[in-house]
Amino acid sequence: MKFELKKLLSPPFDDGELFKNLNLIKEEFSKTNHKSKVKKIAILGGSTTSHLKDLLNLFLLNNNISSDFYEGQFQLYYEEVVYNVGKLKEFDPDIIWVHTSWRNIKKFPLMKHTREEIDFLIDSEFSLYKRIWEHAKENLSCIVIQNNFDYPDYRVLANKDSIDIHGKIYFLNELNRKFSDYDRQNDWFNLFDINYLSFLNGSDKWQNERDWYKYRNSPSLRSSIDVAYGVSKLILALEGLSYKCLVVDLDNTLWGGVIGDDGVENIKLNRDHPIGDAYLDFQNYILELKNRGIILAVVSKNEDKIARLGFGHPNSILKIDDFSAFVANWNTKSSNIKEIIKKINISESAAVFADDNQMERDEVTKNSNIKVPDIGDNIENYKKIIDRNNFFELIHITSEDLKRPDSIRASIESSKTKENFGNYNEYLKSLEMKTEIKEVDNFSKNRFVQLTNKTNQFNLTLEKIDFTNISGNNILTLTASLTDKFLDHGIVSAIYGKINDDKEIDINGWVMSCRVFKRTLEYTIFYKFYCLCKKLGIKKIRGFYKKSDRNIIVKDLYKELGFKEIKKTKNSSEWALEVNEDLVFLKKMIMINYE
Amino acid sequence: MNEDEVVKKLQPIFKRIFSKNDFTFSRKLSANNIDEWDSLTHMNLIVAIEKEFKISFTLDELENQNDVGDTIDSILKKKF
């Protein structure tokens, strides 16, 4: 598609141009053949949803996800889910998005109501939504996305509206708190924060009374772009397609000035200078991203030694160790970034590049699939522009996420160590690896689901799961964590199987994080799995492989483990292993100490 | 702004939004003449026009715009 049209689908949005070209963009997308799988998305609205549907579709198509949509009847979101009105069940959605706003509150408090009556009103409103979500989960087995509430743009109680219990703002805040609590307790439930979006939009843009009375749009037509974009990012995150890595330039991106010309003592990085202050805040934002699990890297056109000096500046918030990879030379930035991405072992489409220089941004955009937001060259805008893109949307925060940046830096360092070992096995032994292999429990279940759903390379069956798939008596689930002398990697592999009545087990899913490929951990986890099967009296283990363009690495895994191929089609194969057979892979396994 | 100037800016918006359709731009043009001109596309049109002319139509004006001529008159009233 033409670059100008594609640009219209990235923030900051030019709403006039986007609406003007909406039909053209739709047509452009319809020309390309989308081979990706189809998501079935039901939008149930308390207001008109046709624009949201159109925009969401385009944002997802722009990320190679095609969708089928179901639009609920106007304001019948409760009836459709709870009483099966309409054809929602027939549509069989993967995702239900309940798009409601403050205008859909059934009953706000009146001035005459007592505290007890108001608490009752809040509870009844909440339980109405809760019934929708739980019906959706039980009867439609789908993921739920639910808006929280925005605010009306009038306050009958003026400043007291958020303070007095009769106020609408008070009421909506209480409900929003209950919605958030529910999200924290339920994995399959995803709150979508339109309250924050309305703040970003400003109420004059967000609440357009004319759009409501004329078209029944809430929020306004123009703000529906941000809403649809936000939901598309949430859906991408659910699919494991969030960005994982931020690559930054140095001069005039992380500090003011050019370090090679100005010298480290003259770069702007000090709180008593307005520009230096802004650079420090930007550095702090990046550090906060790293601390929540985003991998950082530097790509700079500089002499390596000079480039590193900047992080020795006494005020620098970012330290050289905060970056998993650091490249300073005179090659093109696109080729440097590609090199880094290979080392980190993520795909190009998982990296974001930030640079103040328009020419460098264009070079990277032209020569790669790396996402390059137009951050401009004014430091006060960098943080805002990166943040508005919602690149780093997340579903759960697991402790593995938080460790990832350090883990990747360690593994790149350990690969340097590797170069010093002639024999790979010797190298592996030198890593002093330890693993803990356990059945899934309450502590590991979020990580189990996350790892299974977002691993694309070492993934045998590509099955997406939620926690209900993997609980039950006849299910065997194991996770493996890995520690070596450099680092604790956390849980990095998961395997699960279902036992049938004939004492046979089907391995329905098996994944391993790409960070620990080639460590022979797959042999160790399978060995433990095999031993457990033996203990349970299982006679035969069946394995499955479904081919995609990214999981070729595990094509022959079952063969290596000594399985016999029993069925083969173009895109899949089925394997079996009798439990009494000798294990051929044992001699290849570096004994990783396990508990 | 005079009518010619308004038409000069308005016409490309119509051509872009209804790029698949064959029509003649005139004051008489309305949703009756273009198949693709449904309520959804109508909303696209309104946002695009408002942004182009940096104006905002009132509820009353929208209710009384039945063809392109009405839209031109609403814009002229605001841009006089």
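**Group meeting: a two-chain predicted model**

Helices here are DSSP runs of H or I with at least four residues and strands are runs of E with at least two, numbered from the N terminus; axes are lines fitted to C-alpha atoms, for helices over the stretch in contact, and angles run from 0 to 180 degrees between N-to-C directions. This is a predicted model, in which local features need pLDDT of at least 70 and side-chain atom pairs count only at pLDDT 80 or more, while totals for chains, interfaces and linings use all residues. Residues are numbered from 1 along each chain as its sequence is written, with chains lettered from A and ligands numbered from 1 in the order in which they are written.

Strand S1 (residues 38-45) of chain A runs parallel to S2(A) and is joined to it by 6 bridges, with A:Val38 standing opposite A:Ser66 in S2(A).

Turning to the interface, 16 residues of chain A are in contact with 15 residues of chain B, contact meaning that the C-beta atoms, placed from the backbone, lie within 7 Å. On the side of chain A that touches chain B, the elements giving two or more residues are helices H2 (15-31), H3 (50-61), H10 (209-215) and H11 (221-238) of chain A, and H2(A) supplies the largest share, 8 residues.

Within chain B, helix H1 (residues 3-17) and helix H2 (residues 39-53) pack at an angle of about 145°, with their axes 10 Å apart. Among the residues that meet there are B:Leu10 and B:Ile13 in H1(B), and B:Leu45 and B:Ile49 in H2(B).

Finally, chain A is divided into domain 1 (34-238), domain 2 (245-388) and domain 3 (422-594), with bounds that come from an automatic or database domain assignment. The C-alpha centres of domain 1 and domain 3 of chain A lie 40 Å apart.

Note on methods: Contact = placed C-beta atoms within 7 Å. Pairing = 2+ DSSP bridges.
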